[in-house]
Amino acid sequence: FHPVWILYTKNPSRYDDNGITGPDWGHSEVVFRCFPLKCSHHTHFSLKLSASYSSLRRVLIFYRYLTNLTGICQAVLKLFSSHLFFRFHIFNISEIESLTEKCYNKQQIKFHKTERFIHMNDFILSCCSTADLTEEHFNSRNISYICFHYELNGKEYEDDLGKSVPFDQFYLALQNGASAKTSQVNADEFEHYFESFLKEGKDILHVTLSSGISGVINSAIIAKETLEERYPERKIYIVDSLGASSGYGLFMNRLADLRDNGYTLEQLYDWAMQHRLNLHHWFFSTDLTFYIKGGRISKTSGTIGGLLGICPLLNMNDEGKLIPRQKIRTKKKVIRAIVDKMEEFADNGLEYNGKCYISQSACMDNARAVADLVEARFPNLNGKVEIHSIGTAIGSHTGPGTVALFFWGSTRTH
């Protein structure tokens, strides 16, 4: 079996039976190197591509084994999330090298080389909506999620990443005095959610919101134990993230990286358990109203703090609980202080080369100020700082005015 290259495009009309046509065919293409699986002439098989190279959600390539790899074979890709169809061409190595040498030099295509096998993942990577990433982000990384619930002025909604109630409207309602409360995913919901994957023959790794701020892990474990009796041949692993919001999301993003690099279900579970405390969560708020309501700050301290312009700086400890660490006067000083914490605890200090996420609740200017300072102080970051909205479940407790900073570093302590 010889290696082949698979080329996909979002513009199938620019292909014909003789190959690639059109002067600008390559604007959205990525090339993957993979190795054919052993199969008979009449066997169909599938490969599951990493979604990290595109906006595609979950893709399967179906094609018939080629006895003559020098020919071009057309195949069909079905994108299950939107039921769109794309055309495929499969080239042998000499054809694709000739093609890319011609086009890559003209910068007509994005050419991604990798020597890794494309693995068939037979398990689902899953989390709760409280990981506070966008739906597009979850879909692009092939991460499934289940939604928390919340009530706004007595009306119940799903914590569905801002679809039912856009984030700006949600936080405006809180600022205007609306009441909000949340409810976690219950065991029956988890059972129904997990079973949909088990029926497909998939194992599951589900990562929950921190047990330090929610009991949702107990519901997940009850569902797991029930389903293991019904599906003894399947595996369900539950991990307590000991994290929240987009820090929990950053943790999921790393797990997706490892899965795409070929980690097995068991390897991914072990890694998650060993490294969950290396994801740092630091928060500050310029509005103490909801911290007082939630009991994280006393009413007396909150009232005095509001008058003096004090912004509490908090983090998550090794039990996944939010702990007030410092009381800092003025927003400008707390922005510097939170970035100082990143310098203190991040892997390799100012040489930190990992990803950094921020989440914010209706205070984008403050979040942008933190991001600008991080990018200026840490020149080796893996990409720009990503800023996300704190979701409606977490935001029901923080209220508006909270900025959270997340990065990889030393093991969190009590």
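Two strands pair if DSSP finds at least two bridges between them. Keep that in mind for the first stop in this predicted model.

Select strand β11, residues 149-152, together with strand β13, residues 180-183: the two run antiparallel and are joined by 4 bridges. Within this pair, Y150 stands opposite T182 of β13.

β11 and β12 form a hairpin with 2 residues between them, and N153 in the turn has a positive phi of about 55°.

Stay on β11 and show the side chains of E151 and K181. They form a salt bridge, with the closest N and O atoms 4.0 Å apart. The pair links β11 to β13, 30 residues apart in the chain. E151 is partly exposed, at 24% relative accessibility, whereas K181 is exposed, at 51%.

Next, select helix α6, residues 245-260. Its 16 residues should span 22 Å at 1.5 Å a residue, and the end C-alpha atoms are 23 Å apart, which agrees. Of those 16 residues, 14 are buried. After the helix comes G262, whose phi is positive, near 105°.

Move to helix α10, residues 331-345, and pick K341 and E344; being 3 residues apart, they are separated by about one helical turn. Their side chains meet in a salt bridge of 3.8 Å, N to O. K341 is buried because its relative accessible area, 15%, is under 20%, while E344 is exposed, at 51%.

Last, select R141, D257, R259 and D260, which salt bridges with shared partners join into one network.

How values were computed
Residues are numbered from 1 along each chain as its sequence is written. This is a predicted model: local features need pLDDT of at least 70, side-chain atom pairs count only at pLDDT 80 or more; totals for chains, interfaces and linings use all residues. Side-chain values use heavy atoms; hydrogens and water are left out. The expected span of a helix is 1.5 Å times one less than its number of residues. Buried means under 20% relative accessible area, exposed over 50%, partly exposed in between (1.4 Å probe, protein chains only).
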